[in-house]
Amino acid sequence: MSSTLELCEKFFDTKDVYKLFQIEKTATEKELKKAYYKLSLLVHPDRVPEAQKHDATEKFKLISKLYETLSDKDKRALYDEQGIIDDDDDNLEGKLNNWLELWRKLFKPITTEDINNYEKSYVGSDLEKADIKKAYLNGKGCINYMMNSVPFMKVEDEPRIQEVVRKMIEEEELPEYKAFTQEPEMKRKKRHKKYARESKEAKEILAKIEAKNKKQADAAGSTSLEQAIMHRQKARGEGFSSLLDNLMAKYGNEDDDEAISLEDLGKSRGKKKGQKKSATKKDKDEPQLHTVKNGKVKKR
């Protein structure tokens, strides 16, 4: 049976846990938790296509075990001093529900109120201006590209965004791209038509979710809401990834001293049998925010 570090090298081409989590050896518990959250989103079993679910599950269990190791003072000291991770327990093999339960306890669901509050603080902020500038440069003035990259940007925002960009062009903060200043009317109409269609689809999906939530008392609705937003933000890879990171930073659990034991999780479950996992069907044309290829995590 492969050890934890051998599996780490197999799936991610490294035995350096800090390198995998992209943190320093001196990282705090808060920094570790944020890094675990970002990495786990890439391989969460409920967030990948069915064909990738098996490998994603193994990777999710692995990084959860690594997170548990680094969040335990004694286990972390053993790894730091000797490069050893205790494999005597059987947490990694099976017990997926325990890892999922740990993940849910660490990270509270993102609610509609959270998103609305974040949008209010984001629109018109320096952060939005920086995102607009970056999207304009990367897309060489293509407004379609900017729509897919700037969080919350809608066709209704185009006049405001154009004013922001034109001002930066006048102040020579940005170069002028004809794709932006002289966009063909046909292209603009096509974009507006596509946005109207996707907006309608998103509303229909949200209506179905709300109807389902009325019949359920569990937390599945929060997960489904996040997936609905991802559907609405179709093709908004970079922008939506940035949105999730900022929401996590602002609304994620701040109680970093709270210890969560997998043994306690197991006891609290009693003799209850496996929980059902919600599976989301992805549109084949929907671009993936991240991919895992040949064991390496890559961002697009």
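**Exercise 1. Decide whether Gln22 counts as buried or exposed, and say where Gln22 lies.**

Step 1: Buried means under 20% relative accessible area, exposed means over 50%, and partly exposed is in between (1.4 Å probe, protein chains only).
Step 2: Compare. Gln22 has 68% relative accessibility, so Gln22 counts as exposed.
Step 3: Gln22 lies in the loop between α2 (17-21) and α3. Helices here are DSSP runs (H or I, at least four residues), as are strands (E, at least two), numbered from the N terminus.
Step 4: Check the backbone. Phi of Gln22 is near 55°, a positive value in a residue other than glycine. Most residues other than glycine have a negative phi.

A quick word on what you're looking at: this is a predicted model, where local features need pLDDT of at least 70 and side-chain atom pairs count only at pLDDT 80 or more, while totals for chains, interfaces and linings use all residues. Residues are numbered from 1 along each chain as its sequence is written, and side-chain values use heavy atoms, with hydrogens and water left out.

**Exercise 2. Check the length of helix α8 (residues 126-138), then work out where its buried residues point.**

Step 1: The expected span is 1.5 Å times one less than the number of residues. For the 13 residues of α8 that gives 18 Å, and the end C-alpha atoms are 18 Å apart, which agrees.
Step 2: List the buried residues of α8: Glu128, Asp131, Ile132, Ala135 and Tyr136.
Step 3: Look down the axis. The buried residues of α8 fall within an arc of 130°, so they line one face of the helix. The arc is that of the directions from the helix axis to the C-beta atoms.
Step 4: Find the partners. The buried residues of α8 pack against α7 (112-122), α9 (143-149), α10 (158-170) and α11 (178-181). Contact means heavy atoms within 4.5 Å.
Step 5: See what follows. After α8 comes Lys140, with a positive phi near 50°.

**Exercise 3. Describe how α3 packs with α4, and how α4 packs with α5.**

Step 1: Two packed helices are described by the angle between their axes and the distance between the axes. Axes are lines fitted to C-alpha atoms, for helices over the stretch in contact, and angles run from 0 to 180 degrees between N-to-C directions.
Step 2: Know the classes. Under 35 degrees is roughly parallel, over 145 roughly antiparallel, 65 to 115 roughly perpendicular, and the rest oblique.
Step 3: The axes of α3 and α4 cross at roughly 175° and come within 9 Å. That makes α3 roughly antiparallel to α4. Residues making this contact include Leu32 and Tyr36 of α3 and Phe60 and Ile63 of α4.
Step 4: Helix α4 (residues 53-71) and helix α5 (residues 73-82) pack at about 100°, with axes 5 Å apart. That makes α4 roughly perpendicular to α5. Here the contact is made by Glu68, Thr69, Leu70 and Ser71 of α4 and Lys73, Lys75, Arg76 and Tyr79 of α5.
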